[in-house]
Amino acid sequence: MFLGFFNFLIFLPSSFTLSYMWSFGSMLGIMLMSQIFTGFFLTFYYSAVDSFFSVQYIMYEVNFGWFVRLMHSNGASMFFFFIYLHIFKGLVYGGYRLVVVWVIGLLIYFFLMGVAFTGYVLIWGQMSYWAAVVITSLITSVPFFGKYLVWWIWGSFSVCGNTLKFFYSIHFILPWFLVFMVFFHLFFLHFTGSTSSLYCHGDYDKIHFFPGFWLKDFFDVFFYFFLIFFSLFFSFSLMDPMIFVESDSMVSPSHVVPEWYFLFAFTILRSVPDKLFGVVLMFGSVFVLFFLIFFVFYCSLLDIFLYFFVMSFVWIFFWLTWAGCYPTDYPFCYFNMFFTFMYFFCVFFICTINFLSFKLFF
């Protein structure tokens, strides 16, 4: 078994055209292990009964607890940064043509969002508490069962300590499920082979994984050292100041803002006045990417048109992320609605181009 795994890492056929953009996946593996390790250490001293002060205890009393906590909180941001780069790379080079790999990858991304949200709530600061109130209250938009489902999650008739214990359990269990899914993601990736910068898929340009791609993946160490540097010198620059205030169920912040990696979905949620439709669009912002698998084949044509709409999708994502920091006042209310429409429109056009290229040329 060990010999087979060794041969897998040495003699794996890989396209010689793979650039450093294909190293994002290995960086995500490093970040997943880092988050599990630092999170496991934090569980030794975290208490769901006295959550806010247990976080302060970790920061001020536990030896190097401040460093582990900062690596964990800032590591989440770096994790999502490379997740988005990985997805954008897959869109540019047609990674959705590897159907099973793409589906498992999107499921990993969806569950990772759940892990990040539940971890953000565990701080139990003013902003994280009200983020839990706002997000869980969206479940009430589900017809008939929404009210009972949100009561079950809360463990009461409002967000309370029982809710925190529920999120703590989810945040601890889901990462191990993600490791299981990552294993299958890599298995099917290496079973079918990766895409390449040639916009095609085949066995005509393959070389051994070692030593060239080992050296490229070793570049990930630089990014991890950057994370350490960022955690030491810009420790709280990505956090909202209200996260340092103990939660108060009687006073809500003037503007509830999630972490930056959720801002695009938050903007989409607020772009429409109907609550249920907003929730559907928010989840649809992730699941719409599943539609890309229905009109694909291993050859890629009309690449210029595909590249245009993919880059339009990327810039719209950036705009939605930026707009999520601001209230939905004029003119943001109209811009948010327009760019939400364009977000889904770009995915529709990518599917249309793939469908037409197959019908016209094959």
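1. A salt bridge is taken here as a side-chain nitrogen of Lys or Arg within 4 Å of a carboxyl oxygen of Asp or Glu. For charge, Lys and Arg count as positive and Asp and Glu as negative, while His and the chain ends are not counted. A residue is called buried under 20% relative accessible area, exposed over 50% and partly exposed in between, with a 1.4 Å probe and protein chains only.

2. The model is predicted, and local features need pLDDT of at least 70, side-chain atom pairs count only at pLDDT 80 or more, and totals for chains, interfaces and linings use all residues. Residues are numbered from 1 along each chain as its sequence is written, and side-chain values use heavy atoms, with hydrogens and water left out.

3. With those terms in place, E259 deserves attention: this residue is buried yet has no salt bridge, and the nearest side chain of opposite charge, that of R69, is 8.6 Å away. E259 sits in the loop between α10 (220–233) and α11 (263–270); helices (H or I, at least four residues) and strands (E, at least two) are DSSP runs, numbered from the N terminus. Apart from neighbours within four places in sequence, E259 is in contact (heavy atoms within 4.5 Å) with Y120 and L238.

4. For the chain as a whole, the model has 14 helices and 2 strands, and 48% of its 362 residues count as buried. Among contacts between residues at least 6 apart in sequence, 80% join residues at least 24 apart. The chain exposes about 19,100 Å², of which carbon and sulfur atoms supply 78%; accessible areas come from the Shrake-Rupley method with a 1.4 Å probe, and for residues only the protein chains shown count as cover.

5. Helix α7 covers residues 146–154, and within it G146, V150, I153 and W154 are buried. Seen down the axis of α7, these buried residues fall within an arc of 95°, so they line one face of the helix; the arc is that of the directions from the helix axis to the C-beta atoms. An α-helix has 3.6 residues a turn, so residues three or four places apart point the same way. What covers the buried residues of α7 includes α6 (126–137) and α8 (161–192), and just after α7, G155 takes a positive phi of about 70°.

6. W124, in the loop between α5 (99–121) and α6, has a phi near 60° and counts as buried at 13% relative accessibility. F144, in the loop between α6 and α7, has a phi of about 70°, but this residue is exposed, with a relative accessible area of 75%.

7. On the surface, F40, F44, Y45, Y57, F172, I173 and W176 form a nonpolar patch with about 740 Å² of accessible area together. Patches are made of residues with over 30% relative accessible area and no salt bridge, with like charges joined within 9 Å and nonpolar side chains (Val, Leu, Ile, Met, Phe, Trp, Tyr) within 5 Å. The largest share of this patch, 3 residues, comes from α8. W176 is found in α8 and counts as partly exposed at 44% relative accessibility.

8. Finally, F349 lies in helix α14 (residues 332–361) and is partly exposed at 28% relative accessibility. F349 and L306 are 43 residues apart in sequence, and their C-alpha atoms are 8.4 Å apart in space.
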